Amino acid sequence: MKTFLKHIILLLCMALTACTDVIDVDVPETEPRLVVEASLDWEKGSLGNNQIVKLSTSIPYFSNQTNNSVTGASVKVTNTTNNSEFIFTDENDGTYSIANFVPIIGHTYTLEIAYNNQIYTAEETLIPVTDIANLYESTANGFDNEALEVNIDFNDPVNEENYYLFKFQEQGDLLPELLDISDEFTNGNTMTVFFEKGEDEDINQDEFMSGNVVDIKMYGVSKTYYNYIKLLIEQYDSVGDPFSSTPAALRGNCVNTTNVNNYALGYFRLTQVVKASYTFQ
């Protein structure tokens with residue numbers, strides 16, 4: 001009887017093994033694209049002379065490539081309002097820097113990148129930002145009325161469209177949290193935004209507690225950049241949601257004037273930014 005059972009088990013194992021097939025999935029790949037990180041942010045109260053543009057190339061999802069930095073490109077920004085030019089220096093690590101950039105509110109600037117025998121251009125206007133009027137903690141505005149949150153009050157300018165990007169990052173965290181808002185329904189009023197962290201064991205996240213420090217950046221951004229970053233944040237927040245739409249590569253404002261089909265990824269933005277830090281009591 002034992003021998004019979006052994007034969008039955010062996011046959012079952014062979015049958016299960018025979019039903020196992022290795023399926024090779026062909027993942028579509030495209031040619032590498034230029035990726036532009038050109039965020040020229042002028043902090044209020046500073047000269048704004050030191051700026052950096054980062055260039056890299058896209059890589060396949062399953063690639064083991066670790067260095068995709070772009071060197072040997074030419075990077076130039078021109079103030080088209082007064083025709084002043086700013087040439088960025090190749091630091092040979094994918095970054096291009098300048099120490100004499102001159103930011104002027106309301107002026108329009110163009111970015112020109114020459115790389116791999118192709119020319120990429122983009123255009124943006126330097127957008128101002130209002131000041132932070134008040135910074136405080138509470139438990140009143142968040143989703144959990146027992147969890148601490150940091151609140152930011154600011155006065156939105158009257159009779160103009162304004163778009164804002166907030167970046168919150170607790171000191172010690174690897175990544176920031178982003179928030180995009182407009183004054184579509186609150187034009188000219190005092191506006192309040194908050195940042196709260198809920199307890200989440202899955203990602204080892206705790207609520208704010210006394211002594212925690214949050215760094216805050218508030219940017220004034222253009223309408224086109226607002227629309228771009230809003231879609232990017234929505235795609236990021238919907239990861240893992242089975243009912244969300246399929247993410248797609250977002251096209252920024254960088255145009256390839258040599259070959260329009262070989263467009264770049266990323267964005268050229270100019271903003272004014274105010275920075276603050278808050279320590280929970």
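Let's start our tour at Ala 38, which sits in strand E1 (residues 34-43). Helices (H or I, at least four residues) and strands (E, at least two) are DSSP runs, numbered from the N terminus. Keep in mind that this is a predicted model, in which local features need pLDDT of at least 70 and side-chain atom pairs count only at pLDDT 80 or more, while totals for chains, interfaces and linings use all residues. Residues are numbered from 1 along each chain as its sequence is written, and side-chain values use heavy atoms, with hydrogens and water left out.

Is Ala 38 buried or exposed? With a relative accessible area of 0%, Ala 38 is buried; the word "buried" stands for under 20% relative accessible area, "exposed" for over 50%, and "partly exposed" for what lies in between (1.4 Å probe, protein chains only). Leaving aside neighbours within four places in sequence, Ala 38 is in contact (heavy atoms within 4.5 Å) with Val 53, Leu 111, Tyr 267, Phe 268 and Arg 269. Look at Phe 268 in particular: Ala 38 and Phe 268 are 230 residues apart in sequence, yet their C-alpha atoms are 4.7 Å apart in space.

Now step across to the strand beside E1. E1 and E2 run antiparallel and are joined by four bridges, with Val 35 opposite Ser 56 in E2. Two strands count as paired if DSSP finds at least two bridges between them. E2 also pairs with strand E5 (residues 95-98), again in the antiparallel sense and over four bridges; here Ile 52 has Ser 97 in E5 as its bridge partner. Five of the seven residues of strand E2 (residues 51-57) are buried, so this strand is largely enclosed by the rest of the structure.

In soluble globular proteins, nonpolar side chains tend to be buried together.

Next comes an open sheet of three strands, in the order E8-E9-E12, with antiparallel pairing. Strand E8 (132-138) and strand E12 (190-196) are the edge strands, as each pairs on one side only. Seven bridges join strand E9 (residues 149-155) to E12, and in E12 the bridge partner of Val 150 is Phe 195.

Our last stop is helix H2 (residues 223-237). Why does its length make sense? At 1.5 Å a residue (times one less than the number of residues), its 15 residues should span 21 Å, and its end C-alpha atoms are 21 Å apart, which agrees. In H2, Tyr 225, Tyr 226, Tyr 228, Ile 229 and Ile 233 are buried. They cover an arc of only 165° around the axis, which puts them on the same side of H2; the arc is that of the directions from the helix axis to the C-beta atoms. The buried residues of H2 pack against several strands, including strand E7 (118-125) and strand E15 (265-279).

Stepping back, the chain has two helices and 15 strands, and buried residues make up 35% of its 281 residues.
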